[in-house]
Amino acid sequence: QEYFAPSEPLPVQLGGLALRIGGKLSFDNTNWSYDSTGSMLVPLLYAGPTQINFQVPYEVTLSDPVILQLELPDGSKTWGEAGLSPAFPGVFEINNYLAAALNQDNTRNGDPSILPGSVPAKKGSILQLFLTGAGLTMPPVGTGDAVPLPGPLLFTNAQPIVYIARESAAVQFSGMAPGFVGVWQINVQIPPDAASGILPIQVAILNSAPGTFSNTAYIAVQ
């Protein structure tokens, strides 16, 4: 069975599932034990048989690895580990490779022969690209809360650089998408001399450790 968050702020339990981040896990020769000191319940967007979508709390202490404790509806618990970074871009994709993006006029970006109803971006226009992994913002937003709409713009502390077909493109805005929880929006100008067709787009973080590059997704340009 699948469960979706019914509203914002996001709940910390869906379908009897709860996920906690932080704390310490130890082994005493026979059993694992978990100390929840300093841990937090995370906001849940979706819970299904094989997948859980959640928001990493802004307040969580960065560590690598960090402990995750999953509590199942029957009360049983299991643990795992994950790495955390101050910011790490991940471009949302449609059809497993097309970037989730809107054109300057708010039409869906894409090739209509591949994605019905979509339109390629014009060279020199502004593309709205949607990602996850923004990290902290200024001003801050509450964990699990949607960005107010209308409201003040929430800018990311991370300073992204966007590559379109391996060419650096001018970033006009980097902040949280109004009306959504944890969705990063980057407004970037399509280079006037860009090629036409399906082009790769990738995001990197300048003020972070080397290697913080997003997945490569694709946009349509005419």
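The model is predicted, so local features are taken only at pLDDT of at least 70 and side-chain atom pairs only at pLDDT 80 or more, while totals for chains, interfaces and linings use all residues. Residues are numbered from 1 along each chain as its sequence is written, and side-chain values use heavy atoms, with hydrogens and water left out.

**Stop 1: the sheet with β1**

Select β1 (3-4), β6 (44-47) and β7 (52-54). Strands here are DSSP runs of E of at least two residues, numbered from the N terminus. The three form an open sheet in the order β1-β6-β7, paired antiparallel; two strands pair if DSSP finds at least two bridges between them. β1 and β7 are at the edges with a single partner strand each, so one side of each has no neighbour in the sheet. Two bridges connect β1 to β6. Show Y3 and its bridge partner in β6, A47.

**Stop 2: the sheet with β8**

Next, select the open sheet of four strands, β5-β2-β8-β9, also with antiparallel pairing. Its edges are β5 (40-41) and β9, and each has a single partner strand, so one side of each is left without a neighbour in the sheet. β2 (residues 18-21) is joined to β8 by four bridges, with R20 opposite Q69. On to β8 (residues 66-71) and β9 (residues 77-82), which are joined by six bridges; L68 stands opposite G80. These two strands form a hairpin with five residues between them, and G75 in the turn has a positive phi of about 90°.

**Stop 3: the largest nonpolar core**

Select L127, L129, I164, I190, I201 and I219, the residues with the most contacts inside the largest nonpolar core, which has 30 residues. A nonpolar core is a set of buried Ala, Val, Leu, Ile, Met, Phe, Trp, Tyr and Cys residues joined through side-chain atoms within 4.5 Å. The elements giving two or more residues to this core are β14, β17 (160-164), β20 (184-189), β21 (197-205) and β22 (217-221). The most come from β21, with four residues. Centre on I219: beyond its neighbours within four places in sequence, its contacts (heavy atoms within 4.5 Å) include L127, I164, I190 and I201. Another core, of 12 residues, lies apart from this one, and V60, V66, L68 and L70 are among its members.

**Stop 4**

Select S125, in the loop between β13 (101-102) and β14 (126-132). Is S125 buried or exposed? S125 is buried, with a relative accessible area of 11%; buried means under 20%, exposed over 50% and partly exposed in between, with a 1.4 Å probe and protein chains only. Leaving aside neighbours within four places in sequence, S125 is in contact with Q104, V188, Q189 and I190. The side chain of S125 also reaches the backbone oxygen of K122 at 2.5 Å.

Now move to P140, in the loop between β15 (137-138) and β16 (155-156). P140 is exposed, with a relative accessible area of 65%. Select L154 as well: P140 and L154 are 14 residues apart in sequence, and their C-alpha atoms are 7.1 Å apart in space.

Methods: A polar contact is a pair of N or O atoms within 3.5 Å; within protein, one must be able to donate a hydrogen and the other to accept it, and residues adjacent in sequence count only if both atoms are side-chain atoms.
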